[in-house]
Amino acid sequence: MKVAVASGKGGTGKTIVSTSLFLSVNDAAYIDMDVEEPNGAIFISPEIEREERFSLPVPSFNENICTFCNACAEACVYSAISVIPQAKKVLFFEELCHSCGVCKYVCPEPGAIVEVPKEIGTIRVGNNGNFVEGTLDIGIPSAVPLISGIKRYIPDNDVVILDSPPGTSCPVVETLKDSDYVILVTEPTPFGINDLSLALDIVRELEKPHGIIVNKHNEKVSLAREFARSKDVEILLEIPFSRKVAEGYSKGIPLVDIEPEYRSNFKDLIERIRVTIS
Amino acid sequence: MKRAKELVIISGKGGTGKTTLSGSLVRLLGKNEKVICDSDVDAADMFLLFEPETEREEDFRGKSIAVINYDKCVDCGICQKVCRFDAVALEDGKYQINPYSCDGCTYCMLACPAKAISMEQQVVGKWFISNTDSGSMVHARLKPGAENSGNLVTMVKHQSHLLAEENGISLILIDGPPGIGCPVTSAISGANLAVIVTEPTFSGIHDLERVLGVTGHFQVSSAIVINKYDMNEKNSRDIERFAKEKDIPLLGKIPLSTCVMDAITRNKTPVDSCPDIKSIMEDILGKIKKLMDIQ
């Protein structure tokens, strides 16, 4: 089963939770889908076995064949192409291209447009295929194609943990879409709860079973509990705020190594999730 | 009048304290000294600190997406074959467009032999102009799961400039999104200074380096603030050394403080209730003004 760990707000503890699940559960795989800022490797220290560059097709224009009819530029909804017939030139703005293939499809001259690969990031696989991470190249606008590309590398382990990007837009949907269960990690602050509420909207829209983990829990603040009650969502686990955990985290030490008793909590959690979705 | 200068607060990693810093700067700057712009449109939180009264609310229209007319559809499946975004699936015997996956490229519409597909523009969010005790604020809310947040970021920045021009304001203070992708690119493009809030964790440092790659790529001047610096003083020293080597100004170091956490929990900025933090924030603001050459 695929368990996605998401949050809405960044920095609430997605990676702490996902790496803890990975390190506590036997035969689990960890997939870092937060390709803009992948950090899981810091805590897992994987042995990388394979590293592949990931590419998307982009058009290349042959100006000897091109008749400068402008059909490609008119069809491109991303405004990535400009044709200047007087100068017999085609200007291509690669960073605007979404690799949809429409320009090639509408081009009446065979061979005037061919597609060539453009590298957008790196996918690394390690720990016998149980660790996968994607890293988006700097300056690449959309993370979605790389997130979608990583999916081909997901092993069919009993438990697969998907570490999601923050926010509530496309990259998150792309990650959650194929999951069987979503853990929403929040912190008991008004910011955390506001973003949790947005993330909950997506998870409900996608009709995924879900529960909440409250990180940096503070007994004096009942924000998260009140929210969970009002929305009728289960709180799966509360991880109290601890300076020791924060300091360990800062050095890249996983939660379950700082506080080993959490291992059994995370194991139980996976079993409860298994029951929920079966 | 000259175009207002843009100060943008970003971080790479989420949760390092962007809104804590930008909220504090909002409080320290005079009411008519700046326009407040929350460009973290998929998780906008700044409004929680300033109880905005909404004055104007507008729909934001994003891309168009494909819609199938089933009176004309002949179930040939060509739309599914040509789609590069995996947006077409055969469900319940019908080809269906997944609006979350559709990128609006029009390939299916062009390729459909029955001319059964048209494009329909979607409302993907709302943007607002609001009044707060601390000045006018432009903010937005992206519909959960929607795309194009970069364009919505550009829209809130554009509206902030219009507002600044109308009121003779010369600074726009932008609370930015996390990450390094399109929304961040839109938030920093044209900015006069990007202040990067980092924390002394391995994750924070890793993401700081990546986000500096983005500001460098777009040639935006950067400066660094280390938040929760005493969580790991060794890492903080490493960041300081790194900043010095790269010749990036370090504007200040903020300690991990329960007073800050309590303030945020009560929807207050630390400037309102933590005197020690307030003086650090004042110092940071002074350095920002110097770097941006503003009075």
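Me: How far apart do the C-alpha centres of domain 1 of chain B and domain 2 of chain B lie?

Reply: This is a predicted model, in which local features need pLDDT of at least 70 and side-chain atom pairs count only at pLDDT 80 or more, while totals for chains, interfaces and linings use all residues. Residues are numbered from 1 along each chain as its sequence is written, and chains are lettered from A and ligands numbered from 1 in the order in which they are written. Chain B is divided into domain 1 (5–51 + 133–292) and domain 2 (62–123), with bounds that come from an automatic or database domain assignment. Between the C-alpha centres of these two domains of chain B, the distance is 40 Å.

Me: What share of the 295 residues of chain B counts as buried?

Reply: A residue is buried if 20 or more other C-beta atoms lie within 10 Å of its own, exposed if 12 or fewer, and partly exposed in between, with C-beta atoms placed from the backbone. By that rule, the buried share of the 295 residues of chain B is 55%.

Me: At what angle do the axes of helix α1 (residues 18–28) of chain B and helix α11 (residues 275–292) of chain B cross?

Reply: Helices here are DSSP runs (H or I, at least four residues), as strands are (E, at least two), and both are numbered from the N terminus. Axes are lines fitted to C-alpha atoms, for helices over the stretch in contact, and angles run from 0 to 180 degrees between N-to-C directions. The axes of α1(B) and α11(B) come within 10 Å, and their crossing angle is roughly 80 degrees.

Me: Why is α1(B) described as roughly perpendicular to α11(B), and which residues of α11(B) make the contact?

Reply: Angles of 65 to 115 degrees count as roughly perpendicular, under 35 as roughly parallel, over 145 as roughly antiparallel and the rest as oblique, so the crossing at roughly 80 degrees makes α1(B) roughly perpendicular to α11(B). Two residues are in contact if their C-beta atoms, placed from the backbone, lie within 7 Å. On the side of α1(B) the contact is made by Ser24(B), Leu25(B) and Leu28(B), and on the side of α11(B) by Met281(B), Glu282(B) and Leu285(B).

Me: Which helix gives the largest share of the side of chain B that touches chain A?

Reply: The contact takes 48 residues from chain B and 47 residues from chain A. Among the elements that give two or more residues to the side of chain B are α5 (149–167), α7 (202–217) and α9 (258–265) of chain B. The largest share, eight residues, comes from α7(B).

Me: How far does helix α7 (residues 190–205) of chain A reach from its first C-alpha to its last?

Reply: The expected span of a helix is 1.5 Å times one less than its number of residues, and for the 16 residues of α7(A) that expectation is 22 Å. Buried residues in α7(A) include Phe191(A), Leu196(A) and Val203(A), and just after this helix Glu207(A) takes a positive phi of about 55 degrees. From first C-alpha to last, α7(A) reaches 23 Å.

Me: Is Lys118(A) buried or partly exposed?

Reply: Lys118(A) is found in strand β6 (residues 113–126) of chain A, and among the residues that Lys118(A) touches are Ser55(A) and Glu94(A). Because Lys118(A) has 17 C-beta neighbours inside 10 Å, this residue counts as partly exposed.

Notes. Lists of a residue's contacts leave out its neighbours within four places in sequence.
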